[in-house]
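I opened this entry to keep track of what I looked up.

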Amino acid sequence: MVKVTVCGAAGGIGQPLSLLLKQSNLISHLALYDIVNAHGAAADLSHIDTSSKVTGHVGPFELEEAIKNADIVVIPAGVPRKPGMSRDDLFKINAGIVRDIAVAAANYAPNALMCIISNPVNSTVPIVAEVFKKYNVYNPRKLFGITTLDLVRSSTFLSELLDANPKQVNVPVVGGHSGITIIPLLSQAPGTEKLSEIQLENLTKRIQFAGDEVVKAKNGAGSATLSMAYAGARFTLNLVESVFNGVTRVECAYVNLASDPEGAQLIHHIAGEEFEYFSVPLEFGREGIQRILPIGKMSRFEYKLLTSAVPELKSNIIKGISFITDDSKL
Ligand SMILES: NC(=O)c1ccc[n+]([C@@H]2O[C@H](COP(=O)([O-])OP(=O)(O)OC[C@H]3O[C@@H](n4cnc5c(N)ncnc54)[C@H](O)[C@@H]3O)[C@@H](O)[C@H]2O)c1
Ligand SMILES: O=C(O)C[C@H](O)C(=O)O
């Protein structure tokens, strides 16, 4: 019996993500929460002939029911970018939205695995951690910023260059989830030794700024939704398989390095600096994060990317943490 609550379920990501989750037999209850239209989305999805029950919940008064005893809470709630905006520009609105959902989760589903999609992910994940700390229910092994879209894009773009099947092309992506903090470790993917330095640089930039490609193409109507729904479902279902079915899975995600102090040490050693959150390859297990896996060998170019990413990443993390620690009402 696995209950998954999607917060922001009526949105551009929320609806197709919920559709993909509805197809899984591993989920028994799919609870859709939003401040608008979640009853309609739930009625619609509930006609699909898979075994999970679907319920809809609208507005803060129905949040408790939506989130109560959830095993997994996935959060794609909040505003998306328009052309010319950075992910950090979304902080003003999305930080409060994610905080309020985290407070409800800390109260009504303190053991849930928390999967954060809302941007800026580099800051919203620390926000959830700090809320859970204030409520004394924090387990860093159960908190994830979903960066799967960076992995999906890396596989797609690299496979185009190599003329290969994207399903057989895997690139670890570490760091954070915004521009230069996205660090694809292309040197670890077989076949990239055939690419020139310029090709590797261009491909890296394309992966780092792929979100802008979609924002520009949508021309004011938002950012990636369908590819994100695909990525979010892949991540969530891998987590369900590991935690509830005992199948070991490996995925990269943006996590608190306190989830595995030994793994964290290796990362700090490579970076030559300490930071609390980083996207890393993870092995999932019954508790959520079982192990942070080594990030492996990096090229000199990738090492430079890491050095340039750290200041922005650190400032994003501090911004998220202080949003909660400076809030005396919580
Ligand atoms: N992590 C990633 O890789 C990634 C990828 C794409 C988009 N995103 C982010 O996901 C977020 C959602 O994007 P979208 O395109 O689905 O936006 P959207 O506007 O289409 O949908 C957002 C939904 O959130 C709902 N919402 C607003 N306030 C809420 C609240 N307090 N509680 C519950 N729901 C609330 C809205 O009603 C809406 O239905 C954005 O912040 C976007 O930047 C992240
Ligand atoms: O680009 C965005 O704002 C949305 C998302 O983070 C993405 O990478 O597509």
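I began with the shell around ligand 2 and asked which element gives it the largest share. Helix α8 (residues 210–218) does, with 3 residues. I note that the model is predicted.

I then listed the surroundings of ligand 2. They are P80, R81, R87, N119, L149, G211, V214, V215, S223 and A224. I sorted this shell by class and got 5 nonpolar, 3 polar and 2 charged residues.

Next I asked where ligand 2 lies relative to the domains. Domain 1 (3–146) and domain 2 (148–320) both supply residues to its shell, so ligand 2 lies between them.

**Ligand 1**

I turned to ligand 1 and counted 32 residues around it. The closest are G8, G11, G12, A77 and N119.

Which helix gives the largest share here? I found helix α4 (residues 91–108), with 3 residues. By class, I have 17 nonpolar, 12 polar and 3 charged residues in the shell around ligand 1. I checked the domains again: domain 1 (3–146) and domain 2 (148–320) each contribute at least three residues to this shell.

**Strand β1**

I looked up burial along strand β1 (residues 3–7). Of its 5 residues, 5 are buried, so the strand is largely enclosed by the rest of the structure.

I wanted to see the two sides separately. In a regular strand, side chains alternate between the two faces of the sheet. On one side of β1 I have K3, T5 and C7, and on the other V4 and V6. All of these are buried, and both faces of β1 are covered.

Then I looked up the strand partners. β1 pairs with strand β2 (residues 29–34) in the parallel sense, over 5 bridges. I picked out K3, whose bridge partner in β2 is H29. I followed the chain from β1 through helix α1 (residues 14–22) to β2; this β-α-β crossover is right-handed.

β1 also pairs with strand β4 (residues 72–75), again in the parallel sense, over 3 bridges. Here I noted V4, which stands opposite I72 in β4.

**Helix α10**

Which of its residues are buried? I found G263, A264 and I267. Viewed down the axis of α10, these fall within an arc of 100°, so they line one face of the helix. On the other side of α10 I recorded P261, E262 and H269 as exposed.

Note on methods. Residues are numbered from 1 along each chain as its sequence is written. Chains are lettered from A and ligands numbered from 1 in the order in which they are written. This is a predicted model: local features need pLDDT of at least 70, side-chain atom pairs count only at pLDDT 80 or more; totals for chains, interfaces and linings use all residues. A residue is buried if 20 or more other C-beta atoms lie within 10 Å of its own, exposed if 12 or fewer, and partly exposed in between; C-beta atoms are placed from the backbone. Helices (H or I, at least four residues) and strands (E, at least two) are DSSP runs, numbered from the N terminus. Two strands pair if DSSP finds at least two bridges between them. A crossover is right-handed if, with the strands pointing away from the viewer, the path from the first strand over the helix to the second runs clockwise. A residue is near a molecule or strand if its C-beta atom, placed from the backbone, lies within 6 Å of it. Ala, Val, Leu, Ile, Met, Phe, Trp, Tyr, Cys and Pro count as nonpolar, Asp, Glu, Lys and Arg as charged, and the others, Gly among them, as polar. Domain bounds come from an automatic or database domain assignment. The arc is that of the directions from the helix axis to the C-beta atoms.
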